[in-house]
Amino acid sequence: MSLFTEIDHIAIAVRDLDAAVDWYQRVFGAEVVHREHVEPDGVEEALISVAESYIQLLTPRRDDSPVARFLAKRGEGLHHVAYRVDDCAAALGEAVAAGATPIDRAPRPGSRGTTVAFLHPAGAFGALIELVQV
Ligand code: CO
């Protein structure tokens, strides 16, 4: 049985969060439903709702943020895909036992009061994966 219950969000790294939000609003009439400075990750996010999922526009707030490093190396664009799971710790354990490489050894707090864990893109066909327990 799949560990995934929904796509929680698709994250896009951007240099100017306000410009990106404005573009999504103008072009798609998109609605920002949440905005948060996620201090531990050194990022600010704006969530745009798409049915039961979100587009997460993400910009660094510190130079040592992983998103700052991503922008410097790869430029703006798709950053990660986040899948919703019922139990983040159990899903992380199962994924790692099945061969996925963890970035987080244990689940940690995400934005919106979620619990999250990341899996490394190496060995995951190049995509950074986040597991999200709402
Ligand atoms: Co995310």
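Student: Let's start with Trp23. Is that residue buried, exposed or partly exposed, and what is its relative accessible area?

Tutor: In this predicted model, Trp23 is partly exposed, with a relative accessible area of 40%.

Student: Where does Trp23 lie?

Tutor: Trp23 belongs to helix 1, which covers residues 17-28.

Student: And which residues make the nonpolar surface patch?

Tutor: Trp23, Val27 and Phe28 make that patch, and its area is about 310 Å².

Student: Okay, rings next. How many aromatic pairs does the structure hold?

Tutor: There are four aromatic pairs. One of them joins Trp23 and Tyr24: the ring centres are 5.3 Å apart and the planes meet at 80°, so this pair is edge-to-face.

Student: What about Tyr24 and Phe28, how are their rings arranged?

Tutor: Their centres are 5.6 Å apart with the planes at 40°, so that pair is tilted. Tyr24 and Phe28 are four residues apart in helix 1, so about one helical turn separates them.

Student: Is Tyr24 buried or exposed? And Phe28, buried or exposed?

Tutor: Tyr24 is buried, at 18% relative accessible area, whereas Phe28 counts as exposed at 53%. Through ring pairs, Trp23, Tyr24 and Phe28 are linked into a cluster.

Student: Nice. Changing topic: which residues are the protein donors of the cobalt ion?

Tutor: His9 and His80 each give their NE2 atom, and Glu130 gives an OE atom. These donors lie 2.0 to 2.1 Å from the cobalt ion.

Student: How are the donor residues spaced in sequence?

Tutor: The spacing is H-x70-H-x49-E. The two histidines link distant parts of the chain: His9 sits in strand 1 (residues 6-13) and His80 in strand 5 (residues 77-84), 71 residues apart.

Student: Are His9 and His80 buried or exposed?

Tutor: Both are buried.

Student: Now salt bridges. How many does a search of the whole structure find?

Tutor: The search finds ten. Among them is the one between Asp8 and Arg112, whose closest N and O atoms are 2.7 Å apart. This pair also links distant parts of the chain, with Asp8 in strand 1 and Arg112 in the loop between strand 6 (108-109) and strand 7 (115-119), 104 residues apart.

Student: Buried or exposed, what does Asp8 count as?

Tutor: Asp8 counts as buried, at 0% relative accessibility.

Student: Which residue forms a salt bridge with Arg35?

Tutor: That is Asp18, with the closest N and O atoms 3.0 Å apart. Arg35 is in strand 2 (residues 32-38) and Asp18 in helix 1, 17 residues apart. Arg35 itself is partly exposed, at 39% relative accessible area.

Key: Residues are numbered from 1 along each chain as its sequence is written. This is a predicted model: local features need pLDDT of at least 70, side-chain atom pairs count only at pLDDT 80 or more; totals for chains, interfaces and linings use all residues. Side-chain values use heavy atoms; hydrogens and water are left out. Donors are N, O and S atoms within 2.8 Å of the metal (3.2 Å for Na, K and Ca); water is not among the atoms, so sites may look incomplete. Buried means under 20% relative accessible area, exposed over 50%, partly exposed in between (1.4 Å probe, protein chains only). Patches are made of residues with over 30% relative accessible area and no salt bridge: like charges are joined within 9 Å, nonpolar side chains (Val, Leu, Ile, Met, Phe, Trp, Tyr) within 5 Å. Accessible areas come from the Shrake-Rupley method with a 1.4 Å probe; for residues, only the protein chains shown count as cover. A salt bridge is a side-chain nitrogen of Lys or Arg within 4 Å of a carboxyl oxygen of Asp or Glu. Rings of Phe, Tyr and Trp (its six-membered ring) pair if their centres lie within 6.5 Å; planes under 30 degrees apart count as stacked, over 60 as edge-to-face and the rest as tilted.
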